[in-house]
Amino acid sequence: MGICLRTVDYSETSQVVCFLTRNTGIVNLLAKGTKRPKSKSGGAIDLLAEGEVLFSCKNPETLGLLMEFSETVSRTPLRRDARRLNVSLYMIELVGKMLPEGDPHPPVFDLLHNALERLGQSDSPIEAVLGFFQWRFLRHVGLLGELGSCVGCGTAVMKIPPNAEMYFSSQQGGILCPACYGATNEKFRITPPCLCGISALLTVTSGQKADLSESQGVEVNRLLGYHITHQLGKPLRMMKHVITTGNRQQATESR
Ligand SMILES: [Zn+2]
């Protein structure tokens with residue numbers, strides 16, 4: 001199984017398609033003739049398309065060859081809602097940018113598949129789905145950072161009064177308590193709803209849905225978006241369409 005993360009036109013009739021496959025991880029494949037209307041794939045392969053991928057790849061350094069792609073999951077419900085579509089495009093961009101090529105991560109495939117399925121349901125809470133996805137993805141690739149206790153002194157976050165001023169530092173790799181944040185310039189303010197959201201995500205066990213309110217989700221997504229931008233050195237292309245970054249955030253960043 002594979003999910004299309006990126007496509008580039010290769011010629012009049014062919015594409016280079018980047019798939020996240022469940023068993024091989026990210027693969028870049030030359031898809032010959034897919035843009036012909038009568039091709040086996042039924043036309044060009046679109047972003048977010050998911051299905052059975054048959055390919056040959058002799059050498060991981062070179063482009064593999066797509067033999068067959070048959071779409072098995074319909075993404076039509078997602079494409080009907082601009083907000084849901086943008087969030088899913090952000091998710092595939094994040095995976096494509098942060099996951100190394102040819103390194104299998106079946107849990108990440110399952111995470112992305114489930115998040116796209118949830119987003120396709122018109123009554124699913126978008127911010128909570130995105131928050132849970134970003135959280136789990138970052139944790140999986142080892143970049144989430146320490147959110148349970150202060151990275152400066154080790155104080156458990158639960159023991160810090162909820163209204164105390166707290167920050168997250170991407171460079172330091174986690175939360176900084178009121179006694180520790182002063183020494184760091186690069187930091188992002190953690191608002192009370194953000195802290196509640198973090199607590200909810202910290203306590204969620206596998207197989208459960210994260211119980212995040214809309215406002216907690218918005219704040220958690222801003223924090224994780226900030227962290228991802230810092231890790232990558234620049235924002236993801238879709239970020240501005242998905243995560244609100246206000247003046248307050250910029251002011252905090254430059255303090
Ligand atoms: Zn501290």
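Which strands does helix H5 (residues 192-203) lie across, and at about what angle does H5 run to S6? I looked this up first. H5 lies across S6, S7 and S9 and runs at about 110° to S6. I took helices (H or I, at least four residues) and strands (E, at least two) as DSSP runs, numbered from the N terminus. Contact here means C-beta atoms, placed from the backbone, within 7 Å. Axes are lines fitted to C-alpha atoms, for helices over the stretch in contact, and angles run from 0 to 180 degrees between N-to-C directions.

I noted the source. The model is predicted, with local features needing pLDDT of at least 70 and side-chain atom pairs counting only at pLDDT 80 or more, while totals for chains, interfaces and linings use all residues. Residues are numbered from 1 along each chain as its sequence is written.

**Open sheet.** I read the strand order as S6-S8-S7-S9, an open sheet of four strands with mixed pairing. Strands count as paired if DSSP finds at least two bridges between them. S6 (146-150) and S9 (188-190) are the edge strands; each has a single partner, so one side of each lacks a neighbour in the sheet. Neighbouring strands are turned by 35° against each other on average, direction ignored. I then checked S7 (residues 166-169) against S8 (residues 174-176): they run antiparallel and are joined by three bridges. Tyr167 has Leu176 in S8 as its bridge partner.

**Barrel.** I found five strands closing into a barrel, in the order S1-S2-S3-S5-S4, again with mixed pairing. S2 (residues 15-21) pairs with S3 (residues 25-31) over seven bridges in the antiparallel sense. Thr21 stands opposite Gly25 in S3.

**Helix H2.** I saw H2 lying across S1 (2-9) and S2, at about 85° to S1. The buried residues of H2 (20 or more other C-beta atoms within 10 Å of their own) include Arg84, Tyr90, Met91 and Leu94. I also checked the length of H2 (residues 82-98): at 1.5 Å a residue its 17 residues should span 24 Å, and the end C-alpha atoms are 24 Å apart, which agrees. The expected span is 1.5 Å times one less than the number of residues.

**H4 and H6.** I looked at H4 (residues 126-140) and H6 (residues 214-232), whose axes come within 8 Å and cross at roughly 35°. The residues of H4 that meet H6 include Leu130, Trp135 and Leu138, and those on the H6 side include Val218 and Leu224. I sorted the contact residues into seven nonpolar, four polar and two charged. Nonpolar covers Ala, Val, Leu, Ile, Met, Phe, Trp, Tyr, Cys and Pro; charged covers Asp, Glu, Lys and Arg; the others, Gly among them, are polar.

Terms used. A residue is buried if 20 or more other C-beta atoms lie within 10 Å of its own, exposed if 12 or fewer, and partly exposed in between; C-beta atoms are placed from the backbone. Two residues are in contact if their C-beta atoms, placed from the backbone, lie within 7 Å.
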